[in-house]
Amino acid sequence: MNIIKNTLLALSVAAVSHTAMAATTGATVATVDPDADRIALQDYMKNRFPDTPISEYVNGIYAVDAGSREQWEAIEEFPPYDLDLEAGEELFNTPFANGKSLADCFENGGIGIRQNYPMWDAARKTVVTLEMAINECRTDNGEKAYGWKKGPIAQVSAYMAYTSRGEIFDIPVPDDGAKAAYLDGKKFYYTKRGQLNLSCADCHLTGTNRLVRADLPSPALGQATHFPVVRSKWGDIGTIHRRYEGCHRDSRSEYLKVQSETYRNLEYFQTVMSNGLVVNGPGSRK
Amino acid sequence: MKKIAMIAALAALSVSSLTMAQSFEDAFNMNRAMYGAGATFEWNGAQYSTSSIEEELSSKPANKANAEALIAAAEAKYKEAQEVGFAWRDNSKYLKEAQEALAAGEFQKAMDSAARSHLQSRRGVEQAAYAEAHWIDAVPPLN
């Protein structure tokens with residue numbers, strides 16, 4: 001009798017272990033749970049890097065690789081984005097032809113509000129990024145929109161981020177529409193694509209701090225806190241969507257347009273994953 | 001006794017895994033690896049080629065009609081890959097090369113480039129189906 005009981009028990013355990021291999025939550029609007037996703041991601045990172053406090057992840061790869069951090073700290077002694085900050089402040093304060101300015105389009109005059117973006121716009125049923133809000137403010141006031149990836153858009157965004165340093169991200173996912181957008185971004189992040197069959201997570205979750213040629217990919221946690229950034233590879237300042245385009249292309253996929261709905265949803269997901277962390281943009285990266 | 005029970009359970013699992021029918025994809029890949037393109041193999045009682053669809057199409061006589069047909073097939077497959085959001089970076093480049101070669105009367109080159117694009121699009125469509133079923137597996141679980 002005992003043999004039968006034990007055999008059945010063992011078979012049950014084996015069957016359950018097979019079932020447990022498939023995730024059963026978080027793949028639909030009904031089941032997706034942004035807070036649970038964030039806690040799970042934090043737990044993953046705690047297991048991988050037990051000596052790194054969660055608050056450190058705003059610093060990307062420099063949170064987990066001492067050698068890279070030493071070089072980065074040397075670079076930050078004379079931040080390469082300083083001139084962009086000055087240019088951004090000037091652009092931000094320059095009145096439009098109609099006498100209004102960017103400050104008129106944002107809460108608190110646009111100062112210290114970076115942590116609220118990207119935000120879910122329930123009326124429009126879409127995610128609004130900070131760069132999108134900046135350009136909409138310009139066009140609504142009869143000005144020409146900035147280009148999306150670098151230059152003035154990144155400089156203004158950098159200035160607005162700078163005025164928000166230390167503020168804590170707490171991006172809500174308030175309704176089913178927002179959940180659908182969040183889920184779309186989450187799905188994009190974890191989906192393998194392109195000729196190289198790579199997902200964002202392949203490099204930034206399992207591949208974090210593991211060499212990809214000569215690079216050490218940054219951790220998935222905190223990736224949205226420090227943009228826009230001056231990348232050594234770019235030689236200038238750029239937005240997070242500029243980075244998305246490059247990553248997407250590097251997987252040998254046909255990449256999307258910056259500020260496309262999918263990239264905005266991706267930024268929404270990534271920023272929700274950064275909830276509880278501080279704004280520390282603009283930043284400098286390799 | 002518990003050990004015997006565990007061994008019985010593991011044996012049962014192993015047997016169930018071994019007795020699973022071989023999929024067409026596995027059979028194709030195994031025979032392709034063993035014999036290369038142009039061979040035949042049997043699967044579920046029927047004969048199949050170890051050549052890919054693209055190898056079959058591009059090995060037809062190099063002429064205008066076959067080049068046009070292959071380019072049309074590649075364009076349709078590219079559209080399919082785009083619609084599911086899994087077109088690869090170089091699909092359009094290969095299609096352009098195929099069209100330019102066709103215009104220049106270089107039919108074999110046109111067919112080779114179109115076949116390359118077709119292969120990438122077909123793989124992209126397959127990748128989309130796999131991703132739909134498996135993307136969630138990569139999400140860290142709650143402890």
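1. A residue is called buried here if 20 or more other C-beta atoms lie within 10 Å of its own, exposed if 12 or fewer, and partly exposed in between, with C-beta atoms placed from the backbone. By that criterion B:Ala67, B:Leu70, B:Ile71, B:Ala74, B:Lys77, B:Tyr78 and B:Ala81 are buried in H4(B). Helices (H or I, at least four residues) and strands (E, at least two) are DSSP runs, numbered from the N terminus.

2. This is a predicted model, in which local features need pLDDT of at least 70 and side-chain atom pairs count only at pLDDT 80 or more, while totals for chains, interfaces and linings use all residues. Residues are numbered from 1 along each chain as its sequence is written, and chains are lettered from A and ligands numbered from 1 in the order in which they are written.

3. Chain B contains six helices and two strands, in the order α-α-β-β-α-α-α-α from the N terminus. Of its 143 residues, 27% are buried.

4. The buried residues of H4(B) fall within an arc of 130° seen down the axis, so they line one face of the helix; the arc is that of the directions from the helix axis to the C-beta atoms. B:Ala65, B:Ala72, B:Ala76, B:Lys79 and B:Glu83 are exposed on the other side. The cover over the buried residues includes H3 (53-58), H5 and H6 of chain B. Just after H4(B), B:Gly85 has a positive phi of about 80°.

5. H5(B), residues 91-103, spans 19 Å from first C-alpha to last over 13 residues, close to the 18 Å expected at 1.5 Å a residue; the expected span is 1.5 Å times one less than the number of residues. Its buried residues are B:Asn91, B:Tyr94, B:Leu95, B:Ala98, B:Ala101 and B:Leu102. They cover an arc of only 125° around the axis, which puts them on the same side of H5(B). B:Lys96 and B:Ala103 are exposed on the face turned away from that side.

6. In chain A, the axes of H7 (residues 176-190) and H10 (residues 261-273) come within 7 Å and cross at roughly 90°. Axes are lines fitted to C-alpha atoms, for helices over the stretch in contact, and angles run from 0 to 180 degrees between N-to-C directions. H7(A) and H10(A) are therefore roughly perpendicular to each other, the label for 65 to 115 degrees.

Key:
Angles under 35 degrees count as roughly parallel, over 145 as roughly antiparallel, 65 to 115 as roughly perpendicular and the rest as oblique. Two residues are in contact if their C-beta atoms, placed from the backbone, lie within 7 Å.
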